[in-house]
Amino acid sequence: MSGLKRHQLMDPVENLEGRMCTKHYKPLELFCKTDQTCVCMLCTVLDHKMHEFVPLKDEYEGKKVELEKTEAEIQEMIQKRRLKIQEVKRIVKLSEEDADREKAEGVQVFTDLKESVERKLKELINTIEEKQRTTKKQAEDSIKELEQEISELMKRSTEVEKLCLSEDHLQLLQSSQSLNIHLPPPTKDWTKVSVPPASHEGTVRRAVSQLEEKISEKMKKLFAEDELKRVQKFAVDVTLDPDTAHPALILSDDLKQVNDSDVRKNLPNNPERFAFYSLVLGKQSFSSGRFYFEVQVKGKTHWDVGVVRESITRKGPIALSPEDGYWTIYLTNGNEYTAGAGPPVVLSLQSGPQKVGVFVDYEEGLVSFYDVEAAALIYSFTGCSFKEKLFPLFCPGLNHGGKNSAPLIISPVNQTV
């Protein structure tokens, strides 16, 4: 609103002072609310009879408050739209960054694939050529030996032919005896000798199969790494809630570590505190969106990690299942990994994770667990229906006389994005 308009709105009474009703030549002192116009006293009994009037100053003050409120609302609307513009620009920028990152990753992936294909093609050609060289060498050796035997046979044939032409009976008998013409020179039984052609049957198929297997493993690894990077972008700062901790648990001063002491402390039995199992919740709750956190489980023989709904039972026996409000995976007996589904799902892991990542998409009803160091998906709960607040859950397991004394540690997320 311009300064001129603002000045006119601030001083309407002064601007109207001395102004006269053009019809009755009386001062304009009142405001007719019925006709929305300024009038004089005479107008009220003549032209605006039975209308509603208020003092001009009162109407001005009311209009001024109303307009100032409207102006404030307009300014607020303007500010919201400016903020929305900034948000849209930020989204576009993030989208461009994501697109650039995806393109770079795509170029890297397909460059790796191209190099793998070229290496495998080179290996295939070398294999085929080596087979062909071997076959050719065998053939050349056989041909050379055959030619040598042919030369020997031709030499013998010449000698025999000369004897056959001789008319000296005595010489023929003596020479044939020395040549031993009835015994041919030593030769191989070539009927049993063969040079098999190089067989390339299935060579290409095997090479392609090996390449597919290698590419599949590589792609799985790349996709797993990419997925972990994606969920790590939703990392949140999680701390432990002392008011929920079972009395036998020991929490670190920074509320990032928890382990079992085998000794039950005397603590207030408030409604939030677990009294039956050695559990503790995160202080932070989530009722929408996506979030991610990581927990170090190194050196432990038992642990439970996941998320729970707010209304879970805290004073009695529980079942680690979605039906009871628990979405967790857990380790027992040092090497037995299980997803707390209904019924439980035994997990076959090549190696035990040292750090577990937990990702939740509230609206999608998804809870996923990752082996952070291996960048591998461990297990996912899908199709979940969340209607309450969700809290991170931690169970370090019983101490077992020091065998399971290592703490669970909420770790900072080293985002590799």
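Trainee: What should be kept in mind about the model and its numbering?

Mentor: The model is predicted, so local features need pLDDT of at least 70 and side-chain atom pairs count only at pLDDT 80 or more, while totals for chains, interfaces and linings use all residues. Residues are numbered from 1 along each chain as its sequence is written, and side-chain values use heavy atoms, with hydrogens and water left out.

Trainee: Which strands are joined to S7 by bridges?

Mentor: Helices (H or I, at least four residues) and strands (E, at least two) are DSSP runs, numbered from the N terminus. Two strands pair if DSSP finds at least two bridges between them. Strand S7 (residues 290-296) is joined to strand S12 (residues 355-361) by seven bridges, and the two run antiparallel; Glu294 stands opposite Gly357 there. Three bridges join S7 to strand S16 (residues 408-411), also antiparallel, with Val295 opposite Ile410.

Trainee: Is S7 mostly covered or mostly open?

Mentor: A residue is buried under 20% relative accessible area, exposed over 50%, and partly exposed in between (1.4 Å probe, protein chains only). In S7, five of the seven residues are buried, leaving the strand mostly covered.

Trainee: In what order do the three strands of the open sheet lie?

Mentor: The order is S2-S1-S3, with antiparallel pairing. Strands S2 (37-39) and S3 (53-55) are the edges, each pairing on one side only. From one strand to the next, the twist averages 35°. Angles run from 0 to 180 degrees between N-to-C directions, and axes are lines fitted to C-alpha atoms, for helices over the stretch in contact (heavy atoms within 4.5 Å). Helix H4 (residues 56-165) lies across S1, S2 and S3, at about 85° to S3.

Trainee: How many disulfides does a search of the whole structure find?

Mentor: A disulfide is a pair of cysteine sulfur atoms within 2.5 Å. The search finds zero. For Cys21, the closest cysteine sulfur is that of Cys43, at 3.7 Å, which is too far for a bond. Cys21 counts as buried because its relative accessibility is 8%.

Trainee: Why does Pro392 count as buried?

Mentor: Pro392 counts as buried because its relative accessibility is 0%. This proline lies in strand S15 (residues 390-395). Pro392 and Leu281 are 111 residues apart in sequence, yet 5.6 Å apart in space, C-alpha to C-alpha. Leaving aside neighbours within four places in sequence, the contacts of Pro392 include Val238, Phe293 and Val307.
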